[in-house]
Amino acid sequence: MNRNDAESVIKDTIEYANNEIKKSKKRSRRIIITTLVSAVLIIILLGSCFISYATFNTGNPFSVVSGYFQISVLDKEYVEIQASPKVVLAQPNGEVFVEYMESRGFTEIEEEQMGAIRVFTNGEETEYVWYSINGYYSKWRWQ
């Protein structure tokens with residue numbers, strides 16, 4: 001083996017090592033970026049679940065967004081966003097709530113109202129509904 005062959009082998013080895021280092025750096029960058037993006041998405045999802053639960057009493061932010069979209073854009077009168085315990089989003093109109101309860105056969109007992117909790121009965125059972133309203137929607141939550 002002469003000197004040129006040895007230099008050629010060393011040069012090839014160095015080029016190979018540098019290429020492997022570059023590939024390794026690219027791979028580790030991809031892993032770091034993927035991990036960071038995944039962590040941010042998980043934090044956003046958990047944060048939206050927390051906000052949804054704190055504001056609308058349902059842990060599913062997708063049902064809240066869907067319900068709000070139906071109320072605000074599609075002009076539906078009310079949308080049930082959770083079945084148990086029942087939570088309903090509705091147009092910001094108090095008459096819609098009373099009509100809804102009357103359609104189910106319930107009448108309001110105004111003497112038993114406790115602040116935002118409205119009491120309804122159909123003769124056999126009594127339902128306590130926490131009622132709140134703002135400029136964008138009203139929220140009905142059964143106790």
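Modeller: Two strands pair if DSSP finds at least two bridges between them, and the helices (H or I, at least four residues) and strands (E, at least two) are DSSP runs numbered from the N terminus. This is a predicted model, in which local features need pLDDT of at least 70 and side-chain atom pairs count only at pLDDT 80 or more, while totals for chains, interfaces and linings use all residues. Residues are numbered from 1 along each chain as its sequence is written, and side-chain values use heavy atoms, with hydrogens and water left out.

Colleague: In what order do the six strands form the open sheet?

Modeller: The pairing in this open sheet is antiparallel. Strand 1 and strand 3 (107–108) stand at the edges with a single partner strand each, so one side of each is left without a neighbour in the sheet. Read from one of these edges to the other, the order of the strands is 1-2-6-5-4-3.

Colleague: Where strand 2 and strand 6 pair, which residue is the bridge partner of Ala90?

Modeller: Strand 2 (87–90) and strand 6 (residues 138–142) pair in the antiparallel sense over four bridges. Within strand 6, the bridge partner of Ala90 is Ser138.

Colleague: Moving on to strand 5 and strand 6, which residue in strand 6 does Tyr131 stand opposite?

Modeller: Strand 5 (residues 126–133) runs antiparallel to strand 6, and five bridges join the two. They form a hairpin with four residues between them. Across this pairing, Tyr131 stands opposite Trp140.

Colleague: In the hairpin of strand 4 and strand 5, what is the phi of Gly123?

Modeller: Strand 4 (residues 117–121) and strand 5 run antiparallel and are joined by five bridges; one of the residues on strand 4, Arg118, has Val129 as its bridge partner in strand 5. Four residues lie between the two strands of this hairpin, and Gly123, found in the turn, has a positive phi of about 100 degrees.

Colleague: Which residue's side chain meets that of Arg118 in a salt bridge?

Modeller: A salt bridge here is a side-chain nitrogen of Lys or Arg within 4 Å of a carboxyl oxygen of Asp or Glu, and the N to O distance for this pair is 2.9 Å. The pair links distant parts of the chain, ten residues apart, with one member in strand 3 and Arg118 in strand 4. Arg118 is buried at a relative accessible area of 13%, since buried means under 20%, exposed over 50%, and partly exposed in between (1.4 Å probe, protein chains only). The partner, which counts as partly exposed at 23% relative accessibility, is Glu108.

Colleague: How many salt bridges does the structure hold?

Modeller: Besides the pairs of Arg118 and Arg104, the side chains of Lys23 and Glu20 meet in a salt bridge at 3.8 Å, N to O. Lys23 and Glu20 both lie in helix 1, three residues apart, about one turn of the helix. The number of salt bridges in the structure is three.

Colleague: Is Asn57 buried or exposed?

Modeller: Asn57 sits in the loop between helix 1 and helix 2 (61–72), and its phi is near 60 degrees, a positive value in a residue other than glycine. Its relative accessible area is 19%, so Asn57 is buried.

Colleague: And is Asp75 buried or exposed?

Modeller: Asp75, in the loop between helix 2 and strand 1, has a positive phi of about 55 degrees although it is not a glycine. With a relative accessible area of 56%, Asp75 is exposed.
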